[in-house]
Amino acid sequence: MFFQKEIETMNRRDLEELQLKRLKKMVDYCYNNVPFYHERLNQAGITGDKIKCLSDIQYIPFTTKDDIRDNYPFGMLAQPMKNIVRIHASSGTTGKPTVGAYTKADLDNWSDQVARVAVAAGAREDDIFQISFGYGLFTGALGLHYGLEKIGATVIPASSGNTSKQLMMFRDFGVTGLVATPSYALYLGEQLREAGYPREDYKLRLGLLGSEGCTEKMRDQIEESLGLRVTDNYGMTELTGPGVSGECEYRCGLHFAEDAFLPEIIDQETHEPLGPGESGELVVTTLLREGMPVLRYRTKDITRLTYEPCACGRTHARMEKVMGRTDDMLIIKGVNVFPSQIESVLIGMEGVGPHYQLVVTKRNFLDQLEVKVELLPTAPLDRYGELEAIQRRVHDRLKSVLGLETKVTLVEPKSLERFQGKAKRVLDLRGE
Ligand code: ZN
């Protein structure tokens with residue numbers, strides 16, 4: 001099933017021709033309408049007619065999160081405010097939020113892109129979707145909201161929080177689809193199991209999860225506890241929001257909306273372009289966006305692309321699930337560590353749950369990584385020897401996966417914080 005079959009299955013040559021045409025137009029559009037790009041492109045000596053093939057994109061300067069921040073709030077806009085109909089923003093971890101501005105056409109394209117992701121994942125017009133993302137400035141909730149309405153599905157704008165009400169609506173409204181962060185879905189599953197409601201009271205079948213990473217094992221746990229099938233989707237405010245890429249039912253990478261977003265992979269140190277299958281930083285150019293276009297935006301997400309055909313018939317490139325952001329990457333005693341690596345170790349282990357916290361400190365000029373792991377309620381809390389054995393197993397597995405010595409602390413069941421939005425699991429105290 002497709003939402004826009006002619007675009008989603010376009011042959012590669014036609015698709016690349018379309019991308020080139022749109023890229024040239026976009027470069028001139030940015031040059032003419034955004035003073036920031038006018039200056040940057042002038043310095044680089046680039047105009048649309050100098051772009052002869054897609055690989056000429058490498059002559060366009062990058063745009064970084066700092067550039068967007070420096071032009072806060074509206075310096076990156078390419079349209080006067082009278083043509084902007086919506087503003088979103090994502091809260092940055094430091095300082096000012098990142099703003100997104102949308103024209104009417106942007107909102108229309110955006111909901112098409114989300115609708116494609118939803119249909120590719122298996123959503124249909126008779127589905128009832130509960131959106132348990134927090135509403136507000138965040139692009140996730142309204143992005144999925146309009147995309148799902150566009151395919152004719154029923155949307156319940158539940159927002160996050162009030163877990164018992166969420167479970168009640170699942171049951172009373174006959175909800176078939178869930179939109180949430182993986183960590184909140186995991187929590188809802190835990191609560192559902194605890195409430196002891198019979199599974200046949202629920203019609204849940206599909207989870208469209210996003211806005212943070214999700215390991216395969218975490219996905220298995222969510223699927224098992226909620227009784228649904230999970231697909232992953234990807235996006236960010238700087239690039240509109242969700243709908244940039246999403247998994248089809250084959251779940252072998254996230255199809256990129258290549259008619260609207262031109263992806264590249266670069267080496268994050270040398271900035272050299274990397275080929276298909278090579279892992280590096282994802283860089284994206286918007287090809288259709290009017291309100292706030294970006295050229296070669298450095299996402300800081302580490303992934304790779306494949307252009308091999310997919311069994312579903314879609315021809316658009318597939319992006320590997322993002323397992324780490326250069327931002328999330330911790331450097332501990334010179335070793336690169338992604339929280340997702342730790343998560344995948346913990347989720348497979350007996351006696352401990354998927355909830356954890358990482359605390360990084362410096363002692364005598366040396367980095368220390370403490371991994372706080374929550375015990376499952378079934379763990380033998382009163383038998384010290386067995387707890388010690390669990391701790392040793394976690395320690396040894398982490399050491400072999402990370403190549404790093406860690407301090408493992410077991411904590412009581414349900415003592416670590418639960419998250420309804422993006423999980424914040426790292427506490428880096430080295431700067432203090
Ligand atoms: Zn596919």
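**A sheet and its surroundings**

A: The open sheet consists of 4 strands in the order E20-E19-E18-E21, and its pairing is mixed; helices (H or I, at least four residues) and strands (E, at least two) are DSSP runs numbered from the N terminus, and two strands pair if DSSP finds at least two bridges between them. The model is a predicted one, in which local features need pLDDT of at least 70 and side-chain atom pairs count only at pLDDT 80 or more, while totals for chains, interfaces and linings use all residues. Residues are numbered from 1 along each chain as its sequence is written, and side-chain values use heavy atoms, with hydrogens and water left out.

The edges are held by strand E20 (407-411) and strand E21 (426-428); each has a single partner strand, so one side of each is left without a neighbour in the sheet. On average, and with direction ignored, neighbouring strands of this sheet are turned by 20° against each other, where axes are lines fitted to C-alpha atoms, for helices over the stretch in contact, and angles run from 0 to 180 degrees between N-to-C directions. Strand E19 (residues 366-375) pairs with E20 in the parallel sense over 5 bridges, and Val373 stands opposite Leu410 in E20. Helix H11 (residues 384-402) packs on this sheet and touches strand E18 (352-363), E19 and E20, with a direction about 140° from that of E20; contact here means heavy atoms within 4.5 Å.

Helix H10 (residues 339-347) brings several of these elements together. The buried residues of H10 are Pro339, Ser340, Ile342, Glu343, Val345, Leu346 and Ile347, and what covers them includes helix H9 (216-226) and strand E17 (335-337), together with E18, E19, H11 and E21.

Strand E10 (residues 261-266) pairs with E11 in the antiparallel sense over 6 bridges; Ile265 has Leu282 of E11 as its bridge partner, and Pro263 stands opposite Val284 in E11. E10 is itself mostly covered, with 6 of its 6 residues buried: Phe261, Pro263 and Ile265 point one way from the strand, Leu262, Glu264 and Ile266 the other way, and all are buried. E11 also pairs with strand E12 (residues 297-303), again in the antiparallel sense, over 4 bridges, and Gly280 has Thr303 of E12 as its bridge partner.

Glu247 belongs to strand E8 (residues 241-247) and is buried, with a relative accessible area of 2%. Its side chain makes a polar contact of 2.9 Å with the side chain of Arg219, a polar contact being a pair of N or O atoms within 3.5 Å; within protein, one must be able to donate a hydrogen and the other to accept it, and residues adjacent in sequence count only if both atoms are side-chain atoms. A polar atom of the Glu247 side chain also lies 2.7 Å from the backbone nitrogen of Asp232. Leaving aside neighbours within four places in sequence, the residues in contact with Glu247 include Val117, Val230, Gly253, Leu254 and Lys321.

The zinc ion has Cys248 (SG), His255 (NE2), Cys310 (SG) and Cys312 (SG) as its protein donors, at 2.1 to 2.3 Å; donors are N, O and S atoms within 2.8 Å of the metal (3.2 Å for Na, K and Ca), and water is not among the atoms, so sites may look incomplete. Along the chain the donors follow the spacing C-x6-H-x54-C-x1-C. The angles among the 4 donor atoms are 102 to 113°, and the site is tetrahedral, a term applied to four donors if all angles lie between 85 and 135 degrees. Both Cys248 and His255 are buried.

Glu8, in helix H1 (residues 5-8), counts as buried at 4% relative accessibility. Its side chain reaches the backbone nitrogen of Phe3 at 3.1 Å, and a polar contact of 2.9 Å joins the side chains of Glu8 and Arg314. Beyond neighbours within four places in sequence, Glu8 is in contact with residues including Arg116, Gly313, Thr315 and His316.

Conventions
Four donors count as tetrahedral if all angles lie between 85 and 135 degrees; four count as square planar and six as octahedral if opposite donors are over 155 degrees apart and all others between 65 and 115; anything else is irregular. Buried means under 20% relative accessible area, exposed over 50%, partly exposed in between (1.4 Å probe, protein chains only).
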